[in-house]
Amino acid sequence: MLVDSHCHLDFPGLAERLPDVLAAMQANDVGAALCIGVNLEDFPRVLAVAEQSPILYATVGVHPEYTDAEEPDEDRLLALASHTKVVGIGETGLDYYWHKDKPEWQRARFRTHIRAALRCGKPLVVHTRESAEDTIRILREEGASAIGGVMHCFTENWEIAQQALDIGFHLSFSGIVTFKNAHIVKDVARQCPLDRLLVETDAPYLAPTPYRGKPNEPAYVRYVAEEIARLRELPFASIAAASTENFRRLFRPET
């Protein structure tokens, strides 16, 4: 059994075909999926998707790419996170690729999410792009190791991976690990401690080989796990079991 630890089932192309998405998950032994919030305006939509199935869960947060979204404060995040389907805070973090001009604003928003996570006792889902040093530094400064979380769609090198692991975070690997030239990601996937490893799709984005360039969905997380098993020379069942147990230990979803 597998878990897709990061997907966007409320997005067009997935939301309107949710029954088919769930059926494909079942056919591929994907037993749960985490629907990620990216802004507060659309959070009701994320929650509505999660409520349609006992195997779907949600997070609440504002992604750093959403510059014009409602700005969250701790109390607002806490109120939304109180729903039993909400198992994490995020997607939050820093993105200096798209928004080099707003680092102070991004960092302040990131700190708000971390503080909310610490208050509600739910782990963080962290996005970082061209901002790894600041991301790790802020997590340390805010004491995020007390609650933990996941560095989603991890693409940094082993040095950054070690820093994230040192503060108690998990590393989640997406379809990128299946790409032929993703040498850095493959190297980290080989070395990541088995008890800190998660798998994800980031659907509808980043479809793994052999679906690269096409819309992604949670059923395809199987290809991610299979590639990691190949890289580590382990049985597929070992990666499936470990990543699923890690998800349940970190997010503590109600079953």
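Mentor: Buried means under 20% relative accessible area, exposed means over 50%, and partly exposed lies in between, with a 1.4 Å probe and protein chains only. The model is predicted: local features need pLDDT of at least 70 and side-chain atom pairs count only at pLDDT 80 or more, while totals for chains, interfaces and linings use all residues. Residues are numbered from 1 along each chain as its sequence is written, and side-chain values use heavy atoms, with hydrogens and water left out.

Trainee: How many disulfides does the structure hold?

Mentor: The structure holds zero disulfides (a disulfide being a pair of cysteine sulfur atoms within 2.5 Å). For C153, the nearest cysteine sulfur is that of C7, 13 Å away. That distance is not within the cut-off, so C153 is in no disulfide.

Trainee: What is the nearest cysteine sulfur to C192?

Mentor: The sulfur of C153, 14 Å away. C192 is therefore in no disulfide either. C192 is buried, with a relative accessible area of 0%.

Trainee: What makes a set of residues a nonpolar core?

Mentor: Its members are buried Ala, Val, Leu, Ile, Met, Phe, Trp, Tyr and Cys residues joined through side-chain atoms within 4.5 Å. Here the largest such core has 71 residues, and L124, L139, L171 and F173 have the most contacts inside it. Helix α8 (residues 221–232) gives this core its largest share, six residues; helices are DSSP runs of H or I with at least four residues, strands are runs of E with at least two, and both are numbered from the N terminus. Another core lies apart from it, with 12 residues, among them V3, I36, V125 and V150.

Trainee: Which residues is L171 in contact with, leaving aside neighbours within four places in sequence?

Mentor: Contact means heavy atoms within 4.5 Å. By that test the partners of L171 include V150, F154, A161, V188 and C192.

Trainee: How do you know that A161 counts as buried or exposed?

Mentor: A161 has 0% relative accessibility, so A161 counts as buried. A161 has its place in helix α6 (residues 158–166). Not counting residues up to four places away in sequence, A161 touches F154, L171 and V188. A161 and L171 are 10 residues apart in sequence, with their C-alpha atoms 7.5 Å apart in space.

Trainee: Which residues are buried in helix α5 (residues 132–141)?

Mentor: A132, D134, T135, I136, I138 and L139 are buried there. The elements they pack against include α4 (103–120), β5 (124–129), α6 and β7 (169–173). Just after α5, G143 has a positive phi of about 70°.

Trainee: Which residues in α7 meet α8?

Mentor: K186, A189, R190 and Q191 meet E227, I228, R230, L231 and R232 in α8.

Trainee: Where is L206 found?

Mentor: L206 is in the loop between β8 (197–199) and α8. Its phi is near 55°, also positive in a residue other than glycine. At 29% relative accessibility, L206 counts as partly exposed.

Trainee: Why are such phi values and cis bonds worth noting?

Mentor: Most residues other than glycine have a negative phi, and most peptide bonds are trans. In this model the peptide bond from A203 to P204 is cis, with omega near 15°. A cis bond also joins T209 and P210, where omega is about 20°. P204 lies in the loop between β8 and α8, and P210 lies in the loop between β8 and α8 too.
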